[in-house]
Amino acid sequence: MVEKKSQLISVDDRKTVGQQFVENPRMTCRDVNVYYGDKHAVHDVSIDIARNEVLAMIGPSGCGKSTFLRCLNRMNDTIDICRVTGEITLDDNDIYAKNIDIVSLRALVGMVFQKPNPFPKSIYDNVAYGPTIHGLTESKSDLDGIVENSLVKAGLWDEVKDRLDQPGTGLSGGQQQRLCIARAIAVEPELILMDEPCSALDPIATAKIEELIAELREQYTIVIVTHNMQQAARVSQRTAYFHLGDLIEVGYTDRLFTTPRHQLTEDYITGRFG
Amino acid sequence: MSQQKISTIELVNKGLAKRYRAEKRFRLIGLGAIVLSLTFLAILFATITFNGYTAFQQTWLELTIFFDPQMLDAKNLRQADYDGLVKKSLRDNFPEVSGRSQKKDLYTLVSSGAAYKLQDMVVADTGIIGTTRQVWVPASDDVDMLIKGNIDRSQPESDRQLKDIQLAWIDQLVKEGRLAKRFNLAFFTAGDSREPELAGIFGATIGSAYMLLITLLLSFPVGVATAVYLEEFAKRNRWTDLVEVNINNLAAVPSIVFGLLGLAVFLNFFGLPRSSPLVGGLVMTLMTLPTIIIASRIALQSVPPSIREAALGIGASKMQTVIHHVLPLALPGMLTGTIIGMGRALGESAPLLMIGMVAFIVDIPGSLTDSATALPVQIYLWADCPEQAFMERTSAAIMVLLAFLVLMNGTAVLLRNRFERRW
Ligand SMILES: Nc1ncnc2c1ncn2[C@@H]1O[C@H](COP(=O)(O)OP(=O)(O)O)[C@@H](O)[C@H]1O
Ligand SMILES: [Mg+2]
């Protein structure tokens with residue numbers, strides 16, 4: 001036991017270890033730093049996101065998981081004091097380049113938030129909103145098709161098909177979150193970012209969302225932030241561990257949870273803090 | 001150990017009675033304050049209603065009028081001597097009256113509005129020329145006051161508005177059933193007048209309405225646009241902070257200052273017509289803008305950020321986010337603020353004094369640039385008139401103004417309750 005511990009990388013070394021890079025990545029992040037005013041929230045993070053993988057990001061609260069996730073579709077642009085440096089590419093295009101349109105980036109990289117946030121409109125309108133503003137459909141029947149398809153993919157169709165005109169805010173928490181996923185899918189994104197999508201849900205609703213993530217993985221690349229290590233273990237192929245703004249370790253999920261290489265990772269997954 | 005514990009609890013219990021007493025005292029003081037303010041409010045409403053309700057009735061007098069063809073030239077009906085018809089009818093009713101001064105006393109029983117009434121009848125139907133009709137015409141304000149019990153018969157004649165002989169005539173008319181109180185329609189349909197029995201609030205109401213129209217059309221869009229820009233688009237920096245501080249300061253500027261500003265800018269510099277609802281509306285716009293901006297910003301702030309994130313997250317542009325999602329949710333709050341601002345503008349008189357909307361204006365304003373007064377200014381003008389009959393009209397006008405304000409504030413409360421969301 002004492003022997004094994006000594007082989008771990010010490011807590012003072014904050015260089016990322018593990019499989020942070022992959023072949024033929026979908027997205028690449030290099031030396032990403034994020035500042036909120038003077039506060040340095042994310043330090044020199046470099047990581048690749050592979051095609052059709054589920055990448056989980058774990059770590060104690062306030063370690064910068066959400067902040068980093070929000071860099072990937074430039075949601076941080078909405079915060080005045082937030083500044084991002086470094087390079088992030090999607091299919092080899094720098095997403096922070098001047099010629100990149102935020103609207104099309106976000107259409108390609110969808111997002112699901114921690115707290116279910118359906119619009120205070122009908123279920124139908126919630127899902128139809130994205131396709132409508134992006135002009136994805138020519139006719140009402142096209143739109144109906146997209147709405148149905150998205151709700152089916154989000155596993156919500158059977159529950160709501162008879163009350164599409166009722167407010168989305170009237171659904172249960174788990175249903176609302178699946179509605180939000182349907183809303184994201186309706187725009188036909190290729191990546192989906194999820195920021196603790198189950199933290200406000202009960203275990204049954206959580207299980208449904210996890211199932212859904214497993215299904216969605218066939219078509220989409222998913223980056224999910226979670227503070228629940230079991231969840232990361234269940235849904236993801238790779239896991240990244242963040243600590244106080246540093247990306248400490250990235251590894252294939254089954255290996256990271258059994259044989260972490262960094263002291264901090266081990267401390268976290270054995271429940272010493274978090 | 002256990003000794004210690006008991007004594008702590010005892011200590012707490014000892015202090016408890018004192019705490020409860022303090023709490024009770026505090027609640028009583030609060031209750032007292034509420035009762036006091038409600039009492040004052042009740043007294044205010046009671047006095048106004050008591051003084052004003054009689055103004056909704058007006059005494060009318062029945063005259064037997066012979067539409068004498070010799071006095072009514074069919075070619076020039078507007079210039080005919082209708083006053084003469086009225087006087088003749090009065091003389092016929094009281095044949096015993098003689099002498100210039102007695103006749104004059106008799107004539108003052110009838111309002112000068114009687115002649116206008118006859119003119120209107122003849123112009124509307126020339127067929128009545130040559131016939132004799134029973135016509136109800138408004139009595140003078142003194143007769144009205146006597147009938148309403150506001151003139152004390154026991155006072156010495158010299159202190160009274162009506163002489164003894166006039167009292168006798170009035171008593172005779174009452175006995176003949178020729179005097180009666182009717183609903184005072186003129187109060188709601190007429191403009192201002194020197195004669196209380198002919199004066200109404202319609203002119204002032206229209207003036208106020210025109211003014212509020214201008215204020216609403218200008219201040220709502222400008223206020224909402226300002227709030228949306230500051231809240232949703234502007235980056236926080238020194239300039240936006242400065243703007244914000246200034247808007248808050250503007251909201252605290254005394255209204256008369258806005259009147260001075262309007263006088264200097266709109267009248268003297270731009271040369272817009274004096275006393276017009278247009279200028280009044282512009283001044284009120286300046287005054288209500290800060291209120292609307294502040295209310296709108298609060299409404300925008302109360303829209304949860306998660307809605308904005310949801311829209312931005314699926315690729316809505318900033319403007320789509322604001323127009324499709326944020327504005328509709330903030331609109332009830334903005335409307336509430338606007339209605340409250342409008343209410344304030346409706347009740348405001350000081351700035352209007354500065355821009356000349358305080359004139360004596362008989363005509364009902366027909367356009368935004370006609371001279372006009374507003375309701376609160378009309379109240380101010382009437383309150384200054386010595387005639388007793390204007391006193392009740394002042395109170396009645398206050399009642400109408402208060403009714404409008406209650407209506408507006410009620411709408412605001414209703415809007416707030418109906419559309420307020422809990423997140
Ligand atoms: N809008 C913001 N303004 C200022 N600081 C922020 C903001 N959002 C997050 N932070 C700070 O950045 C750090 C990382 O936060 P976050 O990414 O939300 O952590 P996590 O999602 O891992 O719990 C925290 O210290 C937090 O206080
Ligand atoms: Mg977070």
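**View 1. Backbone atoms beside ligand 1.** An oxygen atom of ligand 1 lies 3.1 Å from a polar backbone atom of A:Gly64, a polar contact being a pair of N or O atoms within 3.5 Å, where within protein one must be able to donate a hydrogen and the other to accept it, and residues adjacent in sequence count only if both atoms are side-chain atoms. For A:Lys65, the distance from a polar backbone atom to an oxygen atom of ligand 1 is 2.9 Å. This is a predicted model, in which local features need pLDDT of at least 70 and side-chain atom pairs count only at pLDDT 80 or more, while totals for chains, interfaces and linings use all residues. Residues are numbered from 1 along each chain as its sequence is written, chains are lettered from A and ligands numbered from 1 in the order in which they are written, and side-chain values use heavy atoms, with hydrogens and water left out.

**View 2. A salt bridge between the chains.** The side chains of A:Arg70 and B:Glu309 meet in a salt bridge at 2.7 Å, N to O, the term meaning a side-chain nitrogen of Lys or Arg within 4 Å of a carboxyl oxygen of Asp or Glu. Between chain B and chain A the count is 1 salt bridge, and 6 residue pairs are in polar contact, both residues at pLDDT 80 or more.
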